[in-house]
Amino acid sequence: EYKIAQMKAGAAKEQVNFAWSQLMPSIDSEAALTRQYAENGFMSFSDGQADLKLVQVRFGINPGVFYNNLQVSRNVYIMAEEEKRRVRNDIVYSVIRSYFDFLLSDEIVKLKKEAVEMYTSNLRDVENMYGKGSVPKFELLQARVELKNQEPALLDAGNNRRTALELFNFTLGFDDNRYEPDRAILDSEVKNVTAGEQDRKIESLVQLAVKNRPEVIQVTKKGEIAEDSAERDSSYYLWPTFSVSGYYGYSKADPNSINTGMPVDLSGITGDDQWHDSWQVRVAATYRWNSLLPFDSARDSKRIEEIKAEEAREELSGIKRMISISVKTSYNKLVTSCLTIQSQRENVQTATEGLRIARESYRAGIIRNSELLSAQLGLTTARTGYINALYSYYVSLAALKKETCVEDDSVILEVK
């Protein structure tokens, strides 16, 4: 898709060159033979003429048409460049998201494996205690059921991990699983979002997005193209077409001797049968009057382009509103995930210590197996929440970078 956008930008650049080429005159050579006949009159003295135009130049231009065509081609080129930038931003976001999709699925696999190991260890403890008569058979059956319940979840997590890895490499442009994301980023500290003045920060990000987003620039240029096209059509009746033409070469007449009843041969007035130098220069300004008529094609085309310009303004208004909503949503997700990371990190530590105490208490016969399983579930839930918060944080940050078209994290985070 990016390669296609590059080629379209190259084609749009050629349109700019094409617009400039209107300033180039037409230069050619021409050889012509004219045959004619007239029963009487001046033309009857010649049977035709041979012309050899060594250099023939023709140039004509309507200043308004040329200028507005040039503006249209430039705006088309800018739109093509912005499309290339939009595609690049989408690719960057897709790579980042697929990167963390894999890391999330990989962490879920680890959690499920740890859960299986915990429930396996729990089953061994229950079996030992059941053998000693310390627990009823119900707790033994419950431990077995809980272990079996974890196995399908582990298989699903493994399938999701493989799919995420394939999608990550597909996003990079490979058909095989050539690359695997590095999970070290999950162990690094996240940058905190500055507390307070959240509305002011969102507003500044919205303004930044409205200024930088390729879609906004594209629709703006779309409206300008329509306006320039309308001005171009107006130029047909606002401006005359100026033209210059000329040539240099040789001409040879074919005089016709006729009997005029006069003692003098008049056929020579049309020339002789020898080659002679010839040249001509013509300068003109042509005004197209019919363009003033309301039903002329140029006037119709102008009205159509004016409607397109109005459509572009309405489209731009809608895009700006959607950008505002999107930036607010992504920023609020970023703030929420940042706070969740802080709380869930402490929650994981608390759940880990709680599971250790619950396991010792169960072995001492203080609590039942259901309470131990609840503690294990609490730790799994806490770790899952922490990983999901990390995923949401990095994906939301990537989304804000895409929406505001900035590369520096500090512009978005305003880190402490």
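Which residue forms a salt bridge with E227? I looked it up and found R313, with the closest N and O atoms 3.2 Å apart. My cut-off for a salt bridge was a side-chain nitrogen of Lys or Arg within 4 Å of a carboxyl oxygen of Asp or Glu.

Ground rules, before I go on. This is a predicted model, so I asked for pLDDT of at least 70 for local features and 80 or more for side-chain atom pairs, while totals for chains, interfaces and linings use all residues. Residues are numbered from 1 along each chain as its sequence is written, and side-chain values use heavy atoms, with hydrogens and water left out.

**Entry: salt bridges**

E227 is partly exposed at 39% relative accessibility, and R313 is partly exposed at 43%. For these labels I used under 20% relative accessible area for buried, over 50% for exposed and partly exposed in between, with a 1.4 Å probe and protein chains only.

How many salt bridges does the count come to? I noted 32.

Next I looked at E189, whose side chain meets that of R345 in a salt bridge of 3.8 Å, N to O. E189 sits in the loop between α3 and α4 (198-212) and R345 in helix α6 (residues 297-363), so the pair ties together parts 156 residues apart in sequence. E189 is exposed, with a relative accessible area of 62%, whereas R345 is partly exposed at 26%.

I also checked D187 and R183, which meet in a salt bridge of 3.3 Å, N to O. D187 counts as exposed at 58% relative accessibility, and R183 as partly exposed at 28%. Both residues belong to a network of salt bridges that also links D106, E107, K110, R161 and E180.

**Entry: aromatic rings**

I searched the whole structure for aromatic pairs and got 8. Rings of Phe, Tyr and Trp (its six-membered ring) pair if their centres lie within 6.5 Å; planes under 30 degrees apart are stacked, over 60 edge-to-face, and the rest tilted.

Y99 and F168 form an edge-to-face pair, 5.8 Å centre to centre with 75 degrees between the planes. This pair links distant parts of the chain, with Y99 in helix α2 (residues 63-131) and F168 in helix α3 (residues 137-172), 69 residues apart. Y99 is partly exposed at 21% relative accessibility, while F168 is buried at 5%. I found the two again in a cluster that ring pairs make of Y99, F100, F168, Y393 and Y394.

Y287 and W289 have ring centres 4.8 Å apart and planes at 70 degrees, so I logged them as edge-to-face. Y287 is partly exposed at 28%, but W289 is exposed at 61%.

**Entry: charges over rings**

Which residue lies over the face of Y236? I found R288, at 5.4 Å from the ring centre. My test was NZ of Lys or CZ of Arg within 6 Å of the ring centre and within 35 degrees of the ring normal. Y236 is in helix α5 and is partly exposed at 29% relative accessibility. K53 lies over the face of Y247, at 4.4 Å from the ring centre.

**Entry: nonpolar patch**

I27, L52, L54, V55, V244, Y248, W275, W279, V281 and V283 form a nonpolar surface patch with about 1,000 Å² of accessible area together, by the Shrake-Rupley method with a 1.4 Å probe, where only the protein chains shown count as cover for residues. Strands β2 (46-61), β3 (241-255) and β4 (276-286) each supply at least two of the patch residues. I27 is in strand β1 (residues 26-35) and is exposed at 59% relative accessible area.

**Entry: cysteines**

Last, I checked for disulfides (cysteine sulfur atoms within 2.5 Å), and the count comes to 0. C338 is buried at 4% relative accessible area, and C405 is buried at 18%.

How values were computed. Patch = residues over 30% accessible without salt bridge, like charges linked within 9 Å, V, L, I, M, F, W, Y side chains within 5 Å. Helix = DSSP H or I, 4+ residues; strand = E, 2+ residues; numbered from the N terminus.
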